[in-house]
Amino acid sequence: KKDKVKRTPGQKIARWGRIIIFVYCSAGIALYYLQEKLLFHPTSLSFNYQFKFNIPFKEVNIPLNATDNLNLVQFFTVEAKPKGVVLYFHGNRGNINRYAQYAGNFTKNGYEVWMADYPGYGKTTGKLTEDNFYMQARAVYKLANAKFGFDSIIVYGKSLGSGIASWLASKKSCRRLILETPYFSIPDLFASYAPIYPVDAMTHFKFPTGEYLPDVKAPITIFHGTDDHVIPMSCAAKLKKVLKPEDEFVTIDKGSHNDLNDFPLFHAKLDSVLSR
């Protein structure tokens with residue numbers, strides 16, 4: 001048997017140092033190249049797919065250019081004359097089918113709800129770029145503004161959609177901006193998971209909600225749960241420093257990322273906001 005090579009303490013430290021550096025670099029490279037996979041979880045649909053919902057709706061397709069299509073579902077209120085429209089920008093999973101269940105929160109209050117899918121989600125096509133998210137949001141607003149005055153348009157962002165909704169409300173006049181489980185920015189969110197990396201330089205998508213909110217002239221209402229482990233409360237709480245005195249940050253005790261709709265406080269506050 002060959003004698004084992006005995007390493008000095010210095011050699012052992014150097015060896016472990018190389019291992020740590022290798023792991024750090026490998027994980028960093030994976031984070032950089034897989035960030036879209038981590039951030040976006042779309043479910044695409046064929047163009048012939050037929051939506052089925054239990055409230056009145058209409059599907060609209062908006063050609064954006066020669067190749068890209070924006071798919072939109074308009075949910076209608078039973079009232080003959082709606083109060084206005086809620087432009088609903090959904091989260092990072094699935095497509096409109098996943099979020100249609102929330103339309104009733106608004107239609108019962110007299111508002112139409114327009115939900116659009118993002119590039120690669122549902123029947124919407126196009127490249128997943130931050131500019132495309134914003135461009136499509138602008139197209140939804142333009143269509144809504146042709147039917148409703150700006151003071152009848154509520155912009156709503158859930159999770160991923162909070163950054164898009166905040167951008168739109170900072171650029172276009174609206175009645176109110178409502179954010180559900182928002183983040184300060186995508187780099188800030190990634191930093192909560194991987195604080196040892198220079199995430200601001202590494203992330204392709206920024207969605208800097210915290211930079212957009214100071215430019216929003218309309219009242220802002222934010223909902224966030226204390227037990228949110230997807231977008232930690234600490235990330236959302238940073239938005240408080242950029243809110244206007246009349247804006248609201250509603251904390252849902254024990255609420256997590258996808259269950260705020262189960263809390264009476266959420267509905268009480270949302271109904272109050274929609275009745276104003």
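Which residues of H5 are buried? In this predicted model, the buried residues of H5 are Gly-161, Ser-162, Gly-163, Ile-164, Ala-165, Ser-166, Trp-167, Leu-168, Ala-169 and Ser-170, so that 10 of the 11 residues in this helix, which spans residues 161-171, are buried and the helix is mostly covered.

The protein chain contains 10 helices and 10 strands, and of its 276 residues 50% count as buried. Among contacts between residues at least 6 apart in sequence, 71% join residues at least 24 apart. The chain exposes about 14100 Å², of which carbon and sulfur atoms supply 57%.

Eight of the strands form an open sheet with mixed pairing, in the order E2-E3-E6-E4-E7-E8-E9-E10. Strand E2 (57-63) and strand E10 (248-252) stand at the edges, and because each has a single partner strand, one side of each is left without a neighbour in the sheet. From one strand to the next, the twist averages 20°. Within the sheet, E4 and E7 run parallel and are joined by 5 bridges; Phe-89 has Gly-157 in E7 as its bridge partner.

Helices pack on this sheet as well. H4 touches E2, E3 (69-75), E4, E6 and E7, and its direction makes about 45° with that of E3. Helix H10 (residues 264-274) touches E6, E7, E8, E9 (220-225) and E10, and its direction makes about 160° with that of E10.

The loop between strand E6 (111-116) and H4 is the place of Gly-120, a residue that is partly exposed because its relative accessible area is 31%, which lies between the limits of 20% and 50%. Once neighbours within four places in sequence are left aside, Gly-120 is in contact with Pro-42, Thr-43, Ser-44, Thr-125 and Gly-126. Ser-44 is 76 residues away from Gly-120 along the chain, yet the C-alpha atoms of the two are separated by 6.1 Å.

The cysteines deserve a separate look. Cys-174 counts as buried because its relative accessibility of 10% is under 20%, and Cys-235 is likewise buried, with a relative accessible area of 2%. By the distance rule applied to cysteine sulfur atoms, a pair within 2.5 Å, the count of disulfides comes to 0.

Notes. Residues numbered from 1 in each chain as written. Predicted model: local features only at pLDDT ≥ 70, side-chain atom pairs only at ≥ 80, totals over all residues. Heavy atoms only, no water. Helix = DSSP H or I, 4+ residues; strand = E, 2+ residues; numbered from the N terminus. Buried < 20%, exposed > 50% of the residue type's maximum accessible area, 1.4 Å probe, protein only. Contact = heavy atoms within 4.5 Å. Areas by Shrake-Rupley, 256 points an atom, 1.4 Å probe, with all protein chains shown as cover. Pairing = 2+ DSSP bridges. Axes fitted to C-alpha atoms, helices over the stretch in contact; angles between N-to-C directions.
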